[in-house]
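Dear colleague,

Please find below the structure that I am handing over to you.

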Amino acid sequence: VFLLFQEVPGCSTCKRFGEGPLSMPLLVEAIETHFVPLAVFNNVGSDAHLLARYKEPAWNNPVVRFFAADRKELVPRKDRVWTALGIVTRMRRAMRESGTEVPDWLTLLEQDLVGSRLERTTVAMRCFKDGERQIGAMNGVIRTEAAWIGKHEVVEVVFDPKRLPFASLLERVEHVSCLHVYAHDDAQAAVARALVGERVSVRKEDARTAEASDQKFFLGRSELRFLPLTPAQATKVNSALGHEKDPTAYLSPRQIRLLESIRKAAAKDATVLDGLSRPGDVEALGAYEAQLRERLP
């Protein structure tokens, strides 16, 4: 049970919580398909008995709690969890505590939202296409982007060092034709030199983002490019397509159904979605999905 204690219509914090995290498509889908969603109004008298039962204060900011069918609380109660990351992290914990398998697409959403603990590095490859295909498949790589440093085609890599330490990342990249490592600091450079020798330098200039046509080569030539994918999803889907593997493992059930609608619409009119461009910001995906659905018959 996903139990939301909320003021209605609510203060600015309550409204931002509804317009932000609780409007994010993948988060909404997870709530609606993996939980029984319930709301208790903490400022309306008719729900006073429920506030008393759960020892919740009235006129409080949003609080989300997670319960099993037997009313056992799966995750300890916590105030001030109003970010998408905070909610997704606690949802995944509640699912694990209840013995429910956490789908890959929900794990990818959490990875997209982590932010502060992620690291970045830049590697020169023979081409963007193969670089993103190979590196994007690695567990622990969250996002990739095609770019230029001087005349070198490079891949900007965002990774989670807890899941994929920098040394392990480089060891794997070295096996897929890494030409040069542009370390982001002296610590990265020291690790890289121990692994790839002199093909290392500390990056002194900003990378130039490659043209849109060079980004996510395989995804960009597939109808999946129109889906409201998070950056992590786009990275994994692009790599799966490049390796001729089934990309739907990284899609949610609703995204799979939406893909079928896209394919049917495109079969009737190949230009129906012309001009639509998926945003790179996770929080903008809700508005983008609404635009996409308006175009579909």
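Helices (H or I, at least four residues) and strands (E, at least two) are DSSP runs, numbered from the N terminus. The model is a predicted one, in which local features need pLDDT of at least 70 and side-chain atom pairs count only at pLDDT 80 or more, while totals for chains, interfaces and linings use all residues. Residues are numbered from 1 along each chain as its sequence is written, and side-chain values use heavy atoms, with hydrogens and water left out.

I begin with the pockets. On a 1 Å grid over the protein atoms alone, a pocket is an open set of points with protein on both sides within 12 Å along at least five of seven lines, a cavity is a set of points where a 1.4 Å probe fits but cannot get out, and lining residues have an atom within 4 Å of a point. Grid points are joined across faces, edges and corners, and a volume is the space filled by probe spheres set on the points.

The largest pocket has a volume of about 730 Å³. Its lining comprises 26 residues, and Gln215, Lys216, Ala234, Arg278 and Gly280 lie nearest its centre. Two or more lining residues come from each of β5 (141–149), β6, α9 (217–220) and α10 (231–242). By class, the lining of the largest pocket has 9 nonpolar, 8 polar and 9 charged residues (Ala, Val, Leu, Ile, Met, Phe, Trp, Tyr, Cys and Pro count as nonpolar, Asp, Glu, Lys and Arg as charged, and the others, Gly among them, as polar).

The second largest pocket has a volume of about 280 Å³ and is lined by 18 residues. Helix α5 gives the most to this lining, with 4 residues; α10 also supplies at least two. The lining of the second largest pocket divides into 6 nonpolar, 7 polar and 5 charged residues.

There is 1 cavity of 30 Å³ or more. The largest cavity holds about 40 Å³ of space, and its lining has 7 nonpolar, 1 polar and 1 charged residues. At least two lining residues come from each of α2 (25–34) and α12 (285–295).

Turning to charge pairs, the structure has 15 salt bridges (a side-chain nitrogen of Lys or Arg within 4 Å of a carboxyl oxygen of Asp or Glu). Glu56 forms one with Arg65 at 2.9 Å, N to O, and another with Arg77 at 2.6 Å. The pair of Glu56 and Arg77 links distant parts of the chain, 21 residues apart. Glu56 is buried at 7% relative accessible area, whereas Arg77 is partly exposed at 30% (buried means under 20%, exposed over 50%, partly exposed in between, with a 1.4 Å probe and protein chains only). A network of salt bridges links Glu56, Arg65, Glu73, Arg77 and Asp79.

Asp160 and Arg117 also meet in a salt bridge, at 2.8 Å, N to O. These two residues are 43 apart in the chain. Asp160 is buried at 1%, and Arg117 is partly exposed at 37%.

Finally, the search found 8 aromatic pairs (rings of Phe, Tyr and Trp, its six-membered ring, with centres within 6.5 Å; planes under 30 degrees apart count as stacked, over 60 as edge-to-face and the rest as tilted). The ring centres of Phe217 and Phe218 are 5.1 Å apart and their planes are at 85°, so this pair is edge-to-face. Phe2, Phe35 and Phe66 form one aromatic cluster.

Yours sincerely
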